[in-house]
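Here are some exercises to work through with the model open beside you. Try each task before reading its solution.

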Amino acid sequence: SIQVASLTATGKIIGGNNNTANGAEAAVLGGCFNQANGTGSNVAGGYGNTACGNNSNVAGGDNNTASNTDTNVAGGYGNQAIGNTSNVAGGGYNTAIGPYSNVAGGMHNTTCADYSNVAGGSYNIADGPNSNVAGGSVVI
């Protein structure tokens, strides 16, 4: 059967199960246990994803969070876009903390400063403003 958009108090849920869209102009398109709580936030699908920043987006994956204004997580699992206008493209357990910072993928990578970037690899940290880590792995 096809489920037509059901309206909540302030957002729209197109499909899926146990999804919540509480933000004004927020939407969850599908998946399970997803939440779009920020104004203009969106979760396209996946499982257990949260878009709580205003104009934040999570495209899919599992247990990803876009928690600040204009943050984005494209997919993967356990990723967090925390800094204002930060992005995580995928991978696992990556965190973009610095404003305007990006993590392209890999595992357990972190950007801590403004305009910092990690392209991939594992356990890398870009902690200086305008810093970049191309990849590789840090042995812990």
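Predicted model: local features only at pLDDT ≥ 70, side-chain atom pairs only at ≥ 80, totals over all residues.

**Exercise 1.** Which residues have the most contacts inside the largest nonpolar core, and what does Val58 touch?

*Solution.* First, the rule: a nonpolar core is a set of buried Ala, Val, Leu, Ile, Met, Phe, Trp, Tyr and Cys residues joined through side-chain atoms within 4.5 Å. Buried means under 20% relative accessible area, exposed means over 50%, and partly exposed is in between (1.4 Å probe, protein chains only).

Next, the residues: the largest core has 14 of them, and those with the most contacts inside it are Val28, Ala36, Val43, Val58, Val73 and Val88.

Then pick out Val58. Contact means heavy atoms within 4.5 Å. Skipping neighbours within four places in sequence, the contacts of Val58 include Val43, Ala51, Ala66 and Val73.

**Exercise 2.** Is Asn79 buried or exposed, and which backbone nitrogen lies 3.3 Å from a polar atom of its side chain?

*Solution.* Start with the place: Asn79 is in the loop between strand 10 (72-73) and strand 11 (80-81). Its relative accessibility is 0%, so Asn79 counts as buried.

Now look at the side chain. One of its polar atoms is 3.3 Å from the backbone nitrogen of Tyr93. Beyond residues up to four places away in sequence, Asn79 touches Val73, Val88 and Tyr93, among others.

Finish on Tyr93. This residue is in the loop between strand 12 (87-88) and strand 13. Tyr93 isn't a glycine, yet it has a positive phi of about 55°. With a relative accessible area of 44%, Tyr93 is partly exposed.

**Exercise 3.** How many aromatic pairs are there, and what is the geometry of Phe33 with Tyr47?

*Solution.* The rule first: rings of Phe, Tyr and Trp (its six-membered ring) pair if their centres lie within 6.5 Å; planes under 30 degrees apart count as stacked, over 60 as edge-to-face and the rest as tilted. The count comes to three aromatic pairs. Phe33 and Tyr47 make an edge-to-face pair, 5.6 Å centre to centre with 70° between the planes. Phe33 is in the loop between strand 4 (27-28) and strand 5 (35-36), and Tyr47 in the loop between strand 6 (42-43) and strand 7, so the pair ties together parts 14 residues apart in sequence. Phe33 is partly exposed at 43%, and Tyr47 is partly exposed at 42%.

Now try Tyr100 and Tyr115: this pair is stacked, at 5.0 Å centre to centre and 5° between the planes. Tyr100 is in the loop between strand 13 (95-96) and strand 14 (102-103), Tyr115 is in the loop between strand 15 and strand 16, and they are 15 residues apart. Tyr100 is partly exposed at 37% and has a positive phi near 60°, though it is not a glycine. Tyr115, at 44%, also counts as partly exposed.

**Exercise 4.** How many helices and strands are in the chain, and what does the C-alpha trace span?

*Solution.* Count zero helices and 18 strands. Along its principal axes, the C-alpha trace spans about 50 × 25 × 15 Å. Of the 140 residues, 41% count as buried. Finally, take contacts between residues at least 6 apart in sequence: 0% of them join residues at least 24 apart.

Note on methods: Residues numbered from 1 in each chain as written. Heavy atoms only, no water. Helix = DSSP H or I, 4+ residues; strand = E, 2+ residues; numbered from the N terminus. Polar contact = N/O pair within 3.5 Å; in protein donor to acceptor, adjacent residues only side chain to side chain.
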